[in-house]
Amino acid sequence: MTEINVVANLNSVQQRLRKAERDAGRVDGCVALLAVSKTKPVSLIRQLAAAGQRAFGENYAQEAIDKAQQLADLQLEWHFIGPIQSNKTRGLAAHMDWVHSIDRLKIARRLNEQRTPAQPPLQVCLQVNVSGETNKSGVHPSQVTELAQEVAALPNLVLRGLMAIPDKASSSRQETGPFDELRALLETLRRDWSGSAPPLDTLSMGMSADLEAAVTAGSTLVRVGTDLFGAR
Ligand SMILES: *Cc1c(COP(=O)(O)O)cnc(C)c1O
């Protein structure tokens with residue numbers, strides 16, 4: 001088996017991201033890179049951390065909690081991006097910095113209750129089921145405003161924005177439709193907010209295959225696994 005060079009991959013993904021920002025006429029460095037390390041060993045995470053990568057994403061709850069504990073010495077930023085079951089909220093509240101995949105109030109309330117007062121608030125996004133998505137997770141676009149207002153009222157959570165996982169574009173990786181839809185939803189939330197508004201500064205969208213399209217449409221954070229760590 002050939003050894004994967006995650007540091008070389010990090011450099012090429014960063015270059016790709018900077019080029020996508022320039023091509024889209026956006027400010028250099030405005031899109032953050034989340035390294036999605038699910039199923040990959042902590043040794044590779046350590047290599048990327050040594051090369052300067054701070055933010056890591058996981059989508060299996062127990063794996064996320066275990067890795068955050070094993071790598072606590074590195075002071076990384078941990079993002080949970082997978083489906084959330086009620087019996088996992090305590091561990092996520094204790095060990096994650098961000099949760100991108102909130103799609104119902106019950107889960108948000110549990111995370112809010114289980115976040116200890118000694119910790120900084122948990123940064124969260126709502127996962128939206130944008131059009132054409134076959135994935136069953138995510139709040140329906142018509143329910144985003146209501147859920148956002150309820151989540152923003154929870155004191156131990158900070159509502160940062162929206163996340164989506166559109167199906168892979170069939171024709172080309174430059175398909176921006178679902179990403180445009182998510183951006184429009186965030187703009188609507190900002191415009192119509194009643195009361196004191198949370199930051200709403202995050203559009204978590206774009207993965208290995210479609211990061212250019214996501215950056216064109218306004219992504220502020222791309223979640224890249226395969227192009228950093230290799231196939232799963
Ligand atoms: C696995 C995963 C990614 C990374 O996907 P790649 O195609 O490997 O870059 C991004 N977001 C979510 C929610 C994931 O589960």
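Colleague: How far is an oxygen atom of the ligand from a polar backbone atom of Gly-225?

Modeller: This is a predicted model. Gly-225 is among the residues that surround the ligand, together with Val-224 and Thr-226. From a polar backbone atom of Gly-225 to an oxygen atom of the ligand, the distance is 2.8 Å.

Colleague: Which residue has an N or O atom in its side chain 2.5 Å from an oxygen atom of the ligand?

Modeller: Two side chains may be considered here. The side chain of Asn-59 has an N or O atom 3.2 Å from an oxygen atom of the ligand. The value of 2.5 Å belongs to the side chain of Thr-226.

Colleague: Are the axes of α1 and α2 parallel or oblique?

Modeller: Two packed helices are described by the angle between their axes and the distance between the axes. For α1 (residues 6–23) and α2 (residues 42–50), the axes come within 9 Å and cross at roughly 50°. Angles under 35 degrees would count as roughly parallel and 65 to 115 as roughly perpendicular. The arrangement of α1 to α2 is therefore oblique.

Colleague: Which residues of α2 meet Val-6, Val-7 and Leu-10 of α1?

Modeller: The contact of α1 with α2 has five nonpolar residues, one polar residue and no charged residues. On the α2 side, the residues are Leu-44, Gln-47 and Leu-48.

Colleague: With which side chain does the side chain of His-140 make a polar contact?

Modeller: His-140 lies in the loop between β5 (122–127) and α6 (144–152). Its C-alpha atom is 8.8 Å from that of Asp-103, 37 residues away along the chain. The polar contact, at 2.8 Å, is with the side chain of Ser-142.

How values were computed: Residues are numbered from 1 along each chain as its sequence is written. This is a predicted model: local features need pLDDT of at least 70, side-chain atom pairs count only at pLDDT 80 or more; totals for chains, interfaces and linings use all residues. Side-chain values use heavy atoms; hydrogens and water are left out. Axes are lines fitted to C-alpha atoms, for helices over the stretch in contact, and angles run from 0 to 180 degrees between N-to-C directions. Helices (H or I, at least four residues) and strands (E, at least two) are DSSP runs, numbered from the N terminus. Angles under 35 degrees count as roughly parallel, over 145 as roughly antiparallel, 65 to 115 as roughly perpendicular and the rest as oblique. Contact means heavy atoms within 4.5 Å. Ala, Val, Leu, Ile, Met, Phe, Trp, Tyr, Cys and Pro count as nonpolar, Asp, Glu, Lys and Arg as charged, and the others, Gly among them, as polar. A residue is near a molecule or strand if one of its heavy atoms lies within 4 Å of it. A polar contact is a pair of N or O atoms within 3.5 Å; within protein, one must be able to donate a hydrogen and the other to accept it, and residues adjacent in sequence count only if both atoms are side-chain atoms.
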